[in-house]
Amino acid sequence: MADSLPYTTTRFVVIALYAIVALISYRWLIPRLPSAAKILATFMLATLALIVAIAFRAALSNSYVLALFRVSSEYNAAVAFSATQLAFAAEIALLTALLARGRPLWRRLYMLVLSLLLFYMACDEMFVLHEYVDRWHFIYGVLGLSVAGATVLVMRRSPRHTWIWHICLLSGLAVGAAGALLVEELRYHDICGYLGFLYRDADPARDRCLVFLIEESMEYLGVWLVLVSMLGFLSDVVAKPKRQLCWLLYALPVVSSVLWVAISDPDLNQVHRDIQKRLGSPADVTFESGVTLYGYQLKQKPFEDSLDVSLWLSALPFGYHGLGYSIHLLDPLSATSYSSENAYVKVSGKRVRGPWYLPVYRQNRQVGIPAHVPRNTAVLVVLSVWRAAEDHFTPQIIVSSDHRLLSDRHVVVGELALPAESSASAAAPIAIFADLLTLGLVDLPERARPGDMLSIAFNWRADIQITKDYVQFLHFVHQESGAQWGFDQEPLGARMPTRLWYGGLADSETWEIPLPADLAPGRYQVFTGLYRASDLERLPATDADGAPHPDARIPLGAIHIEEP
């Protein structure tokens with residue numbers, strides 16, 4: 001990672017901030033604490049400083065290990081540690097309220113309310129609860145001012161020697177709020193560049209504002225000051241804690257960490273919900289060596305020559321070296337490849353948490369659609385995963401999948417239709433099916449012979465997007481005997497299933513129907529219609545004037561079957 005002036009400037013600001021807070025704390029705060037509290041406060045600050053230092057290395061790195069410390073993304077090591085500190089502070093506040101039996105009731109209630117508030121803040125830090133709160137900036141601001149006002153009132157009624165802990169609490173809340181609310185406003189690139197925190201990459205699209213490192217560092221430092229204030233309140237209640245209480249204090253951070261593990265380890269359903277929230281489709285496809293596809297997203301802009309593909313992929317720790325993937329666009333009938341894109345897996349950008357806390361990284365790729373690909377045809381989007389070692393690329397075998405497989409190395413992650421520009425037919429429709437599909441002109445021959453290939457042309461239009469599979473039937477009814485013969489297939493054939501029809505589609509298909517060699521000669525009435533493939537239920541149909549067709553069968557005319 002090349003060192004840069006914005007990176008150095010940002011690092012200097014954070015080091016200066018931590019140095020100032022540490023000097024003040026160890027001059028006026030930490031010496032007032034009992035030994036056990038001193039050890040805990042020092043351990044927490046040292047661990048926090050180490051995590052922030054690693055976060056600086058992770059900011060511009062693509063390393064999987066360092067990505068766990070990248071504070072620009074959710075669910076990182078710094079967030080988990082900060083949430084643990086807040087939960088620890090909440091536990092100390094609760095312990096203080098329980099042990100302060102000889103103190104005024106209002107003071108014990110104040111500590112109890114602080115305990116509840118700090119525990120909520122811990123949950124918010126871990127699970128980003130404020131994202132589900134409208135106008136959270138305003139609500140959290142009012143709540144913070146209320147806590148600050150209550151703290152000032154309590155401080156004025158408390159002994160003067162405890163004021164320093166109230167001031168420490170107010171300072172921690174102020175530093176955290178400055179990081180969360182004020183510094184965030186400096187993220188805009190023009191302001192960030194003016195202040196000297198804009199890191200410029202060789203690729204301008206990867207320019208980033210490093211002010212988030214200051215923001216997050218301030219929030220974590222504010223949390224530490226809140227923790228120190230809670231330790232101070234406890235030391236005021238228990239000046240010389242017994243050995244049992246000291247061991248309890250040492251155990252509480254461990255309890256907090258175990259608590260997060262117990263309640264926040266996501267399962268597969270939660271991962272899929274997170275992916276769906278980001279407008280993706282869930283999946284559960286596992287390749288050898290532990291590589292897993294948890295979801296995908298396909299974005300196709302009509303009449304453009306590319307497809308945007310997003311994949312949510314995860315691997316076992318240290319399993320990203322040389323890991324890559326390929327996206328193929330295939331003809332579903334012939335398996336001919338229209339185009340493909342290859343890329344190495346990146347461990348940066350958007351991610352969600354997978355089972356056992358394994359991060360699931362979002363991979364973005366654009367796949368070109370060649371001009372020669374037929375329009376109004378289905379195209380399969382197929383994924384394969386491989387690992388590169390020197391000049392060898394080893395495909396990964398699929399060990400389990402909830403999606404269709406083309407082979408033990410290729411999984412279908414989607415299908416799409418390439419739309420064609422078309423104009424609406426001027427001819428009156430023959431039938432309208434449930435206000436979804438419209439059957440236009442039908443070209444029916446007048447006569448044919450048994451054993452011939454009968455050609456019938458159908459014109460179709462989709463009025464809205466269709467998401468279900470429908471099958472079209474043809475019934476040939478002998479006018480004299482009433483004997484019936486039928487033929488079924490998809491309206492536009494296998495090239496374009498109705499589940500892919502888009503609003504505005506207009507296309508035609510000529511059916512080639514093999515007539516039975518023993519088909520009785522005579523005059524046949526021909527009917528057609530649609531039924532759902534899922535339950536064989538016919539789709540109601542009306543004529544152009546809105547009158548329903550009996551039995552959802554549309555008469556197309558008559559055809560004469562000649563003597564063989």
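Rings of Phe, Tyr and Trp (its six-membered ring) pair if their centres lie within 6.5 Å; planes under 30 degrees apart count as stacked, over 60 as edge-to-face and the rest as tilted. This is a predicted model, where local features need pLDDT of at least 70, side-chain atom pairs count only at pLDDT 80 or more, and totals for chains, interfaces and linings use all residues. Numbering starts from 1 along each chain as its sequence is written, and side-chain values use heavy atoms, without hydrogens and water.

**View A. An aromatic cluster.** Tyr344, Trp386 and Phe393 form one cluster. The structure holds 12 aromatic pairs.

**View B. A tilted pair between two strands.** The ring centres of phenylalanine 458 and tryptophan 511 are 5.0 Å apart, with planes at 55 degrees, so the pair is tilted. Phenylalanine 458 lies in strand 18 (residues 453-462) and tryptophan 511 in strand 21 (residues 506-514), 53 residues apart. Strands are DSSP runs (E, at least two residues), as are helices (H or I, at least four), numbered from the N terminus. Phenylalanine 458 is buried at 0% relative accessibility. Buried means under 20% relative accessible area, exposed over 50%, partly exposed in between (1.4 Å probe, protein chains only). Tryptophan 511 is also buried, at 0%.

**View C. Charges over rings.** The charged end of arginine 160 sits over the ring of tryptophan 163, 4.4 Å from its centre. Arginine 553 places its charged end over the ring of phenylalanine 527, 4.2 Å from the centre. The criterion is NZ of Lys or CZ of Arg within 6 Å of the ring centre and within 35 degrees of the ring normal.
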